[in-house]
Amino acid sequence: MLYTVIKAVHIIFMVSYFAGLFYLVRLFVYYKDTDDFQEEKKKILREQYLFMTRRLWNIITVPAGVIMLLSGLTLIILNFGLMKTPWFHLKLTFLIGLGLYHYWSWKQVLKMKTLAGDTFPTANIKLRQANEIATFILFLVVFTVILKSMVIEYWWQLLAGFAGLVMAIMLTVKLVNRNKKKIKA
């Protein structure tokens, strides 16, 4: 029963962590979207987005990530046999990618703090595309955990489906951004 309770905690905080990541990068996009606003409106909104970013990062995203990590490590300790399964190695590989994305997000939070209301240096489209990376990692991890050994057996079908999903989402982001520019003009 202990294992099942810890697994439930792990899933709950995984959802909270990803929710934090999804909204965090969206806040970077909103901050960047203020570039063309009048100075007074820009200043007010950028201060608010910075405030929201810092609170989201410090109160939701990082604590949820720590609890997710600790509960995940506890699950490995309680069921060390996981370390002998190929699908679990694949999951750990994707989690390394998540760690890199977390690090990138943290660097953006720090960058935003030092801007003092200045323009975010990353292009809007790049931020919008970066916003989807957490979604891709979530897909990879969830499919790996649910399908387990079938992920290894049917890797090429899953890879083709995932590549199609990535292209569809990135194309949608580009189209939305293009339409947004047309509306402004």
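I count a salt bridge when a side-chain nitrogen of Lys or Arg lies within 4 Å of a carboxyl oxygen of Asp or Glu. My search of the whole structure finds five of them.

Notes on the source. The model is predicted, so I take local features at pLDDT of at least 70 and side-chain atom pairs at pLDDT 80 or more, while totals for chains, interfaces and linings use all residues. I number residues from 1 along each chain as its sequence is written, and side-chain values use heavy atoms, with hydrogens and water left out.

**Salt bridges**

I looked up D33 to begin with. D33 forms a salt bridge with R128, with 3.2 Å between the closest N and O atoms. D33 lies in helix α1 and R128 in helix α4 (residues 124-130), so the pair ties together parts that are 95 residues apart in sequence. I take helices as DSSP runs of H or I, at least four residues, and strands as runs of E, at least two, numbered from the N terminus. Next I checked accessibility (buried is under 20% relative accessible area, exposed over 50%, partly exposed in between, with a 1.4 Å probe and protein chains only). D33 is buried at 14%. R128 is buried too, at 8%.

Then K32. Its side chain meets that of D35 in a salt bridge of 3.0 Å, N to O. K32 is buried, at 12% relative accessibility, whereas D35 is partly exposed at 23%. I also find K32, D35 and R46 linked in a network of salt bridges.

The E47 and K43 side chains form a salt bridge of 2.7 Å, N to O. The two are four residues apart in helix α2, so about one helical turn separates them. E47 is partly exposed at 46%. K43 is exposed at 52%.

**Pockets**

I ran a 1 Å grid over the protein atoms alone. On it, a pocket is an open set of points with protein on both sides within 12 Å along at least five of seven lines, a cavity is a set where a 1.4 Å probe fits but cannot get out, and lining residues have an atom within 4 Å of a point. Points are joined across faces, edges and corners, and a volume is the space filled by probe spheres set on them.

The largest pocket holds about 870 Å³. I list 30 lining residues, with H10, M68, G72, K91 and L95 nearest the centre. Elements giving two or more residues to this lining are α1 (2-33), α2 (39-78), α3 (86-114) and α5 (133-147). The largest share, nine residues, is from α2. I sorted the lining by class (Ala, Val, Leu, Ile, Met, Phe, Trp, Tyr, Cys and Pro nonpolar; Asp, Glu, Lys and Arg charged; the others, Gly among them, polar). The largest pocket has 22 nonpolar, five polar and three charged residues in its lining.

The second largest pocket has a volume of about 300 Å³. Of its 13 lining residues, L140, F143, L158, L159 and F162 are closest to the centre. Helix α7 gives the most to this lining, six residues. By class I get 11 nonpolar, two polar and no charged residues.

**Helix α3**

Q108 is in helix α3. It is buried, at 5%. Beyond neighbours within four places in sequence, Q108 is in contact (heavy atoms within 4.5 Å) with F28, F120 and T122.

L92 is also found in helix α3. L92 is partly exposed, at 26%. I find 8.6 Å between the C-alpha atoms of L92 and V141, which are 49 residues apart along the chain.
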